[in-house]
Amino acid sequence: LGVEKTTEWSSDKLDSIIDYRYESRLATVVTINLAPGQLGARIESRLKGGVIVTIDSPRDYREIQAKRRRGIAK
């Protein structure tokens, strides 16, 4: 989440999907590139009910892979 083009339809659809999975107690795995608080209150409150794992990486994976392909980095 966080890289899509946001429209009213996509926001409503995302809210419906997250809400359905939350109410049905279904596992949901979400990756985001946003800071906490940028998802919207309703979605964020439902996601906070589960396990949150934060991975803070100072480097861009795509940049590292590109350098490896060019033989610049290991």
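Residues were classed as buried at under 20% relative accessible area, exposed at over 50%, and partly exposed in between (1.4 Å probe, protein chains only). The model is predicted: local features need pLDDT of at least 70, side-chain atom pairs count only at pLDDT 80 or more, and totals for chains, interfaces and linings use all residues. Residues are numbered from 1 along each chain as its sequence is written, and side-chain values use heavy atoms, with hydrogens and water left out.

Helices (H or I, at least four residues) and strands (E, at least two) are DSSP runs, numbered from the N terminus. In α1, the buried residues are Ser10, Ile18 and Asp19. Seen down the axis of α1, the buried residues fall within an arc of 160°, so they line one face of the helix. The arc is that of the directions from the helix axis to the C-beta atoms. Glu8, Trp9, Tyr20 and Glu23 are exposed on the other side of α1. The buried residues of α1 pack against α2, where contact means heavy atoms within 4.5 Å.

Asp19 lies in helix α1. Asp19 counts as buried because its relative accessibility is 18%. Neighbours within four places in sequence aside, Asp19 is in contact with Arg42 and Arg46.

The length of α1 agrees with expectation. Its 16 residues should span 22 Å at 1.5 Å a residue, and its end C-alpha atoms are 22 Å apart. The expected span is 1.5 Å times one less than the number of residues. Just after α1, Arg25 takes a positive phi of about 55°.

Grid points are joined across faces, edges and corners, and a volume is the space filled by probe spheres set on the points.

The largest pocket holds about 1300 Å³ of space. It is lined by 35 residues, of which Val30, Thr31, Ile32, Ile52 and Val53 are the closest to its centre. The elements giving two or more residues to this lining are α1 (8-23), α2 (41-47) and α3 (61-70). The lining of the largest pocket comprises 19 nonpolar, eight polar and eight charged residues. Here Ala, Val, Leu, Ile, Met, Phe, Trp, Tyr, Cys and Pro count as nonpolar, Asp, Glu, Lys and Arg as charged, and the others, Gly among them, as polar.

The second largest pocket holds about 240 Å³. Of its 14 lining residues, Glu4, Thr6, Ser11, Leu14 and Ile43 are the closest to its centre. α1 gives the most to this lining, with six residues.

Methods:
1 Å grid on protein atoms, 1.4 Å probe; cavity = no way out; pocket = protein on both sides within 12 Å on 5 of 7 lines; lining within 4 Å.
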